[in-house]
Amino acid sequence: MKNLTLPIRFGIVTSGILMAYFLILSLMGKHTNVFFSLFNGVITGFGIYETIKYTKLRLGKEFNYGKGFTAGITMGFVATLLFTIFFAFYSTELNSDFLTELSQAWSKDYANFEGIVFFTVAIMGFATTLVLTLSFMQLFKTSNNPKK
């Protein structure tokens, strides 16, 4: 558990930044435009990068691919889980018209539209986490090639 405290802290901070970004968009009336959610990947990516970087600094020579990958995945999953809970709370309790505004066509055709949206938000976060962690680990892993 000691090795997971740093990724969990970074996950909490990253989810807080994601929530703040969403609320700022909400204040400007732009939160129903899904194009702005692309920046969530940038925020999550920065959090994963920093988590792996600080994990490597903390562990030094003990750092390996598995430990870096675990740190990145843990951070991303914590951030995604917390943001999905916040998103579900916001869209059901704080602004119940949000999901209807988000997609006029889908909300009429599907009986359980809320569940589909929450599931999509979570899956997008988990997929982003996996892809970015694998990408960033290419930067931080140690090379097995002999030095010339």
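Guide: Let's start at Phe-22, which is buried at a relative accessible area of 8% (buried means under 20%, exposed over 50%, partly exposed in between, with a 1.4 Å probe and protein chains only). The model is predicted, so local features need pLDDT of at least 70 and side-chain atom pairs count only at pLDDT 80 or more, while totals for chains, interfaces and linings use all residues. Residues are numbered from 1 along each chain as its sequence is written, and side-chain values use heavy atoms, without hydrogens or water.

Phe-22 belongs to the largest nonpolar core, a set of 14 residues in which Phe-22, Phe-83, Phe-87 and Phe-98 touch the most other members. Such a core consists of buried Ala, Val, Leu, Ile, Met, Phe, Trp, Tyr and Cys residues joined through side-chain atoms within 4.5 Å. At least two residues of this core come from each of helices H1 (5–28), H3 (65–94), H4 (98–102) and H6 (113–140); helices are DSSP runs of H or I, at least four residues, numbered from the N terminus. Another core, of 10 residues, lies apart from this one and includes Ile-48, Ile-52, Phe-136 and Phe-140.

Back in the 14-residue core, Phe-98 is in contact (heavy atoms within 4.5 Å) with Phe-22, His-31, Thr-32, Phe-87, Tyr-90 and Ser-91, leaving aside residues up to four places away in sequence.

Now for the rings. The whole structure holds 11 aromatic pairs, that is, Phe, Tyr or Trp rings (the six-membered one for Trp) with centres within 6.5 Å; planes under 30 degrees apart are stacked, over 60 edge-to-face, the rest tilted. One of them joins Phe-10 and Tyr-54, tilted, at 5.8 Å centre to centre and 35° between the planes. Because Phe-10 lies in H1 and Tyr-54 in H2, this pair ties together parts 44 residues apart in sequence. Tyr-54 is partly exposed, at 40%.

Ring pairs go on to link Phe-22, Phe-83, Phe-86, Phe-87 and Tyr-90 into a cluster. As background, nonpolar side chains tend to be buried together in soluble globular proteins.
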